[in-house]
Amino acid sequence: LFRSRDISRTDTAGGDFVPPIYFINEYAEFARAARVTADLATTMALPLGTDSINIPAVTTGTQVAFQSSDNSSTTTRDMVTSTVSAPVRTISGYENVSIQLVEQSPLAGGLDRLVFGDLMKDYALQLNTAVTGNGDGTSGTLKGFINLGADTTNGIPTTWTETTPSAVTGLATIAKAISKVVTNRYQAVEAIVMHPSMWYWFASSTDGASRPLIVPTGAGPFNANGVVTSPGAPAGLVGTIHGVPVYVDATLPKTYGAATNQSPILVGKFSDSYLFESGVKTRVLPDVLSANLTVRFQVYGYMALAHRYNKAVSAITGTGTVAPSGF
């Protein structure tokens, strides 16, 4: 009687001699949106020893006029001033890791580098989201560009009302927002910021003759509403509309407004706003959970966002900005 047993790569049947290999140093990082809008503001170091930033502002200027005749009275108007105030806010986060994982992981550069790198990327994401967003500056928040640009009392909001949004109307609405900024700020618009889904919807739209409204620069555009300069960019500068640079920022919400389905578009002179940052600080705290042989990795930082002009940015909102389906 002849008996044989086949072995294979199955564990306990030969497979134990074919161990898995882990490309640990090629690990896939957690995907996060890039910091775009925050870098459009004027950035500077946060001064030490303060919990608020205050910038003097002239709200009513002096006045001159033509003198009607020699020796006649001249014109005067007293200057009125106020202060733009921005509270200093804190962003922080931590990760608890067992000392065994820290000391025994073969990851090049150490597991602490991986953890700190991930924390710092989320720090940048949360900061950019706050700078872009609808926070009003209270309860630990920053006053975001959407809040500034949609302010109906002090700002210059632009409304896009359309049951079935069309790119043609959207382009006209963007032109209106540009006009509002130039008319009220008296300086050129620096940028248009929108969610990637909104930009690529514009880029896919055509006119009545099936011609694209946003065309590639390589095609030698003539009389185009906008052009695509970097069609595959996941973040940052992608093209122009009405000659104004367009940036895509995935942290812009797609759940804005009463119906929670709008994606606002920002148009403005973003450098008029000052973003003060302390920089990201890191700490390793081995004593917090030392009884469990646990180490805490922590990041934190301080920042303040001061808007020197209320009418430097217009936020386009309304039913026309409903996030495009499929994009």
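User: What is a salt bridge?

Analyst: A salt bridge is a side-chain nitrogen of Lys or Arg within 4 Å of a carboxyl oxygen of Asp or Glu. Side chains of opposite charge can pair when their charged atoms come close. The model here is predicted, and by this rule it has nine salt bridges. In one of them, E277 pairs with R35, with 2.7 Å between the closest N and O atoms.

User: Which parts of the chain does the pair of E277 and R35 tie together?

Analyst: E277 belongs to strand β12 (residues 273-277) and R35 to the segment before β1 (42-45), so the pair joins parts 242 residues apart in sequence. R35 also forms a salt bridge with D39, where the closest N and O atoms are 2.8 Å apart.

User: Is R35 buried, partly exposed or exposed?

Analyst: R35 is partly exposed, at 25% relative accessible area. D39 is partly exposed too, at 47%.

User: Which residues are linked in a network of salt bridges?

Analyst: The network links R185, E190, K269, D272 and R308. Within it, D272 and R308 meet at 3.7 Å, N to O. D272 sits in the loop between β11 (265-268) and β12, and R308 in the loop between β14 (294-307) and β15 (313-317), so this pair ties together parts 36 residues apart in sequence. D272 is buried, with a relative accessible area of 2%, whereas R308 is partly exposed at 28%.

User: Where is P56 found, and what is it in contact with?

Analyst: P56 is in strand β2 (residues 52-60) and is exposed, at 72% relative accessible area. Apart from neighbours within four places in sequence, P56 contacts S82 and T83.

Technical notes
Residues are numbered from 1 along each chain as its sequence is written. This is a predicted model: local features need pLDDT of at least 70, side-chain atom pairs count only at pLDDT 80 or more; totals for chains, interfaces and linings use all residues. Side-chain values use heavy atoms; hydrogens and water are left out. Helices (H or I, at least four residues) and strands (E, at least two) are DSSP runs, numbered from the N terminus. Buried means under 20% relative accessible area, exposed over 50%, partly exposed in between (1.4 Å probe, protein chains only). Contact means heavy atoms within 4.5 Å.
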